[in-house]
Amino acid sequence: MGTEEEERTLSAPTMARSRGQLGSAYAPGAFFTFEGGLGACISLPDFSATDDDAPIHAVTKAQILLRLQEVWQSWFTRAYAVGTGDRQIDPRQCLDEALLKGATVVPLGADRLAFLSPLRMEYAPAPLTFVCNKCRLFRYFESAHDLAQNIGRLRKTQCTATDAKGPCQWRQLDVIFVHWSGEWMPATPGRWEWNDHKAILRLYGEECSVCGNSDFKLNTDSPRIGQWHFYCANPTCGHKGSDEWRQNDRFTTEVFRDNAGKRVSERRMEPISYRASSTYYAQSEQFVLFPKSEHQLMAMLEPQRQSELAAFIGKQFRFGGGELTPDEMKAALLAAGKASEWESYERFADIKKCSAESGDVVVEKLMDDELKKLVDRWTTIDPPLVRPRVDLPPAINAQLAARSEYTSRFDPFVLAVEHEALSRGKLSAAPDGGRAKFVRFNHLDNDLAPKDTNDKAAQEALTQQLMTKLGIADLGLIREFDLCRFTHGYTRVSAMPTLEKRNQLMPVRLRLFEPLRNGKRPIYVVTQANEALYVRLDPSAVYKWLCAVGVVDLPDWDESVSVKLGGKILEVAQPFGRYFSLLKEGDAATYRYVYTLLHTYAHVLMKNVAELSGLDLGSMGEYIFPLDLAFVVYRNGTTMDLGNLSSLWRNENNRFLSRLLEASSHRCNSGRLCDMAGGACPDCIMIPETSCIAQNQLLSRAVLKGGPPPREDATHKGKRIPGFLEVVNSGNAY
């Protein structure tokens with residue numbers, strides 16, 4: 001086979017695609033064809049001497065590293081767990097060897113990673129296998145260099161078909177062999193096996209076992225790819241080894257070595273068209289970019305900062321705690337270098353004491369108020385000078401201890417911190433010259449409002465009415481929703497850590513991209529700041545609906561109490577499992593119903609945006625904050641933002657909202673068939689999986705309009721659940 005260096009010296013061409021495409025669908029290892037469908041190619045990293053470093057700050061790199069460590073560890077844990085006593089799994093079957101030390105995951109540090117902006121991606125023709133359309137003669141080349149040297153001979157090969165009158169009519173074979181180890185192979189007559197005697201890997205069958213001829217023909221008559229087969233090209237022989245072609249994965253065979261013969265089913269590769277999606281799954285993650293002023297929030301997500309995260313949750317969701325003692329406050333202030341603050345406290349305390357002794361009640365109360373103001377300021381400024389004491393319920397402490405069960409994109413603690421960062425950076429920002437970073441549709445800024453003040457007031461009043469009917473407490477346009485998306489590797493056959501083959505669970509190997517010239521592994525980073533719609537539901541409406549549904553673990557909550565509903569929901573949160581492994585039918589659970597409501601609402605909103613704005617569903621994305629009962633629908637693109645969402649509101653405004661109340665927005669073309677299967681299908685609220693944050697799981701139109709329960713709810717089988725919009729508008733038509 002040609003060496004890597006030999007291939008690279010050929011100066012592979014680069015393709016012209018958007019950054020978003022190059023960082024996902026065309027990332028290294030992907031198969032594709034150019035316009036017209038002629039010629040299969042494989043993407044390669046850009047091996048040029050200069051790197052296109054991603055324009056990101058050190059703190060963003062730190063966020064990416066945190067996510068990567070969690071992703072790599074959780075992937076390995078899930079894949080490695082499929083092993084049994086009589087079928088051991090080798091760690092190398094689960095994760096790229098660069099991340100392993102024995103059976104331990106050793107994440108790569110920043111010094112071994114290259115954070116790149118996907119501006120350039122190279123490509124090469126692949127697979128380099130050709131078949132004559134007439135005589136079926138098969139030819140295979142080891143590399144592009146090999147093909148370039150022998151292209152003349154290939155073109156001059158005489159066709160042996162009976163009706164042929166010249167050279168062979170070659171076509172590139174559009175089928176390859178892939179395996180869940182992340183490896184692929186072009187078609188070959190031979191098969192990889194382990195030679196026990198010589199302890200080496202060998203490709204057996206590259207010569208006819210009868211006549212020794214090395215030329216083969218490929219019979220592709222069968223409509224089933226798996227039943228194609230090679231046979232000897234010698235006209236006096238024509239021997240075929242089997243009625244179907246088979247190939248074993250070279251990597252897995254080498255891992256098993258002496259046991260390869262006993263574990264054939266685990267080594268068997270799958271013949272498939274290179275156009276099929278299962279040949280390549282780019283592994284990507286995304287997160288909300290923290291503003292520079294809120295980088296301390298991100299630090300709370302580090303494993304060693306759990307006490308700070310607990311304090312944040314207590315403050316954010318208003319869990320009470322005991323009062324701090326003067327000694328505790330003094331120690332904290334002195335440690336922070338704020339001795340003058342403590343001196344002020346002591347002066348007020350002395351005056352209060354003297355007033356109490358003299359019976360001056362007025363001054364005593366005045367000093368008591370001043371002391372409380374001081375303590376309030378110390379504990380509420382950000383960062384606080386004195387951390388308040390927070391007594392979290394045991395259930396939330398248990399959730400903190402079990403955070404490893406959640407992946408980052410579904411971790412309620414991570415999402416609560418991200419929502420706070422979004423709130424501080426965007427949602428709470430003051431208007432700037434009549435153009436706000438976040439403009440509420442019931443309180444428009446000068447840029448988005450009608451010019452006439454009476455029209456503005458009337459529009460805002462109607463918007464508020466519709467928001468109430470929709471159960472929405474906060475709704476508006478984020479002009480720049482800052483998001484970071486990065487691609488760190490790929491898999492084949494399955495996008496998940498495990499898959500079932502031949503009644504066995506197989507570990508799927510997560511592979512990193514090939515090293516660059518400098519030896520670093522590329523991480524392709526795309527940041528964007530596009531328009532987005534922010535929606536936060538009314539907590540009292542959500543709780544009323546949960547009561548009407550009858551979830552089995554509904555926590556007690558009263559709007560008049562200090563603890564927010566999100567805090568109560570956190571107490572009964574349930575992990576979906578790594579890669580939805582725990583998402584099975586069970587009792588009607590509060591957390592799952594809340595997530596399903598927000599997720600379904602986001603999809604319905606996206607469908608409505610697509611119909612009125614001209615944006616394609618595949619060009620949008622979503623982000624869900626379950627504890628804050630909020631979600632964001634954003635334009636997901638790296639090309640110029642043309643203001644589709646702001647234009648949508650200017651042109652359609654309340655018509656856009658009123659459509660969400662219409663029955664047609666919650667109807668499915670499949671009718672009852674979809675309703676009885678969970679209330680979600682491609683005909684209604686499912687969207688392309690590249691746009692969906694949860695792989696089209698936890699969706700059901702019933703949570704909005706009412707109907708048969710979601711497929712995960714076993715409590716209400718055969719019953720009807722009330723929809724959120726029904727409960728919000730009970731007694732009123734909507």
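Let's start with how the chain connects to itself: among its contacts with a separation of 6 or more, 69% join residues 24 or more positions apart, where contact means heavy atoms within 4.5 Å. This is a predicted model, in which local features need pLDDT of at least 70 and side-chain atom pairs count only at pLDDT 80 or more, while totals for chains, interfaces and linings use all residues. Residues are numbered from 1 along each chain as its sequence is written, and side-chain values use heavy atoms, with hydrogens and water left out.

**Overall picture**

Along the principal axes, the C-alpha atoms fill a box of roughly 120 × 60 × 50 Å. The chain has 21 helices and 25 strands; these are DSSP runs numbered from the N terminus, with helices being H or I of at least four residues and strands being E of at least two. Of its 734 residues, 51% count as buried. Here buried means under 20% relative accessible area, exposed over 50%, and partly exposed in between, using a 1.4 Å probe and protein chains only. The accessible surface comes to about 32800 Å², and carbon and sulfur atoms contribute 49% of that surface; the areas come from the Shrake-Rupley method with a 1.4 Å probe, and for residues only the protein chains shown count as cover.

**Charges and salt bridges**

There are 88 positive and 91 negative side chains, and the centres of these two sets lie 6 Å apart. Lys and Arg count as positive and Asp and Glu as negative, without His and the chain ends; each charge is placed at NZ of Lys, CZ of Arg, CG of Asp or CD of Glu. The structure holds 38 salt bridges, each being a side-chain nitrogen of Lys or Arg within 4 Å of a carboxyl oxygen of Asp or Glu. Three of them are listed here.

| Pair | Closest N to O distance |
|---|---|
| R139 and D215 | 3.4 Å |
| D411 and R403 | 2.9 Å |

R139 forms its salt bridge with D215. R139 sits in strand β8 (residues 138-140) and D215 in the loop between β13 (200-204) and β14 (216-219), so this pair ties together parts that are 76 residues apart in sequence. R139 is partly exposed at 22% relative accessible area, and D215 is partly exposed at 29%.

E183 belongs to the loop between β10 (175-178) and β11 (184-186), and R509 to the loop between β21 (504-507) and β22 (511-512), so the pair links parts that are 326 residues apart in sequence. E183 is partly exposed at 22%, whereas R509 is buried at 2%. Salt bridges with shared partners join E97, E183, R509, R511 and E514 into one network. As for the remaining pair in the table, both D411 and R403 are buried.

**Nonpolar cores**

A nonpolar core is a set of buried Ala, Val, Leu, Ile, Met, Phe, Trp, Tyr and Cys residues joined through side-chain atoms within 4.5 Å. The largest core has 155 residues, and those touching the most other members are I64, F481, L537, Y601, Y623, V632 and F724. Helix α17 (residues 590-613) supplies the largest share of this core, 13 residues. Beyond its neighbours within four places in sequence, F724 is in contact with residues including L537, A541, V542, W545 and Y601. A second, separate core of 20 residues includes V131, W192, F256 and M269.

Helix α15 (residues 539-549) has A541, V542, Y543, W545, L546 and V549 buried. Its buried residues pack against β23 (521-537), α16 (565-571), α17, α20 (702-705) and α21 (724-728). After α15 comes G550, with a positive phi near 90°.

**Backbone details worth a look**

Most residues other than glycine have a negative phi, and most peptide bonds are trans. The peptide bond from A126 to P127 is cis, with omega near 0°, and P127 lies in the loop between β6 (122-125) and β7 (129-132).

V493 is not a glycine, yet its phi is positive at about 75°. V493 is located in the loop between β19 (472-491) and β20 (498-501) and is buried, with a relative accessible area of 12%. Q695, also not a glycine, has a positive phi of about 55°. Q695 is in the loop between α19 (672-675) and α20, and at 25% relative accessibility Q695 counts as partly exposed.
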